Amino acid sequence: MIRSDVVVIGGGFAGLTAALAAAKRGQSVTLLTYGEGTLPLNSGVIDVLGYDENHKFVENPLAAIENLPKDHPYKKIGTKALKEAVDFFCGVARKNHIPYHGSLDRQMLVPTAIGTLKPTCLTPHSLSGSEVLPGKHKIIVVGIKGLKDFYGDIMVENLKKALGADKEYQVVEVDTGLTGGRDITTQDVARWMDTDAGTSSFTKQLKSYGGATDVLFIVPQVLGTKGHACYQTIASRLGADVLETTCLPPSVNGLRLQHVLIDSLRECNVDIVENTEVIGCEKKDKQVTAVIAKAASNERKYYAKKFILATGGFYSGGLTMRDFEQPKEPIFDLPVFFVKGEDNWTNKELFSDAPQGFAKTGILTDESLRPVDESGTVVLENVHVVGRNLGGYDFCFEHSGNGVALASAYKAAMV
């Protein structure tokens, strides 16, 4: 019999964080993962709340939470747990040499790969646009030969709109020698930058453009796969500030964060069971006694006092919907909230100033993040729901995904 204090299901940001927070409390934790998790697709910055229900920019995310609808996850989590979660996360990141900057009462601006500025609350220093953009007169956008999905000229045009045309902009291309007749990814370049030859070649090609306090290099997200050391080395050698952009997958910063969390879990002796699909559970009254998991052709049962569900939404299979208006949660068969009415399910524009109804699909909970039915009655007393499994919010529209994931994961581990 495999028994733990806590079983966490899911290897994304919410699942890894929940497992780590529970382990830090001295609990025995088993983490069941299936696939690589979502962090390689994730920017790794912590968006708490970028826009309100009316798509109005939020200046102070912590204050704006008070005005959210009652079913929004933040209203169940509470601002106290959110603050504690941020302190916990920043401590873990700092200990692992990726210090995060920012606060809950103001937004920071992070450049995207197309030159727009994205609001967020917490970022590693290499992405902290608000801290280095002021006072810069010369912006050098660094392209990488053969790198797909990064176009310096497009970025400059949008930076001019965001920062003003009075600055001097220039696009410079670095040759890594990696192309070999194919496109390369940010992860390819980041691995090259992990080597002494890579960092030396990169700085040699850019050295003549640096050396001044009013110069800023904006680079794709390529400054090493682990930690903060590569970023610090490049900035020091160039004698100027350096700023990474967010990027399309694979996200190097998401992978850095994944490495930090997994290494921390191993230090805490969390039992990480990979390539294991949880397919069901055993229940007694309102308690789950075990989950049933399948690996290859074998099935195993994992027993625990508490279970944390972090399997994600539609994209990752944490929620399914074979028939319209009949969404399912496949492990515990939990009630799933959704916006009723076909006309309310979507709006005609994918990217617009109105949320998508389908995006709010998920599981509603009480203040301990236990799942509830339509009447608000708790259906399972020792199951807690976190991250994208939660209903009542549109993380993409709000820019709130990692904030909800972090805060809900931490609270679920603490209750």
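Hi everyone, and thanks for coming. Please keep in mind that this is a predicted model.

Which residues of α10 are buried? They are V252, N253, G254, L255, R256, L257, Q258, V260, L261, S264 and L265. If you follow the chain past α10, look for N269: its phi is positive, near 60°.

Now for the empty space. Rolling a probe the size of a water molecule over the atoms shows where such space is left. How many cavities of 30 Å³ or more does the structure hold? There are 2.

The largest cavity contains about 100 Å³ of space. Its lining is made up of 15 residues, and those nearest the centre are K148, D149, T186, C247 and L248. Sorted by class, the lining of this largest cavity has 9 nonpolar, 4 polar and 2 charged residues.

On to the second largest cavity, with about 50 Å³ of space. If you want to find it on screen, pick out D71, P73 and K76, then I363, L364, T365 and L369, and finally L390 and G391; these residues line the second largest cavity. By class, they divide into 5 nonpolar, 2 polar and 2 charged.

That's my tour, and I'm happy to go back to any of these spots on the screen.

How values were computed. Residues are numbered from 1 along each chain as its sequence is written. This is a predicted model: local features need pLDDT of at least 70, side-chain atom pairs count only at pLDDT 80 or more; totals for chains, interfaces and linings use all residues. Side-chain values use heavy atoms; hydrogens and water are left out. Buried means under 20% relative accessible area, exposed over 50%, partly exposed in between (1.4 Å probe, protein chains only). Helices (H or I, at least four residues) and strands (E, at least two) are DSSP runs, numbered from the N terminus. On a 1 Å grid over the protein atoms alone, a cavity is a set of points where a 1.4 Å probe fits but cannot get out, and a pocket is an open set with protein on both sides within 12 Å along at least five of seven lines; lining residues have an atom within 4 Å of a point. Grid points are joined across faces, edges and corners, and a volume is the space filled by probe spheres set on the points. Ala, Val, Leu, Ile, Met, Phe, Trp, Tyr, Cys and Pro count as nonpolar, Asp, Glu, Lys and Arg as charged, and the others, Gly among them, as polar.
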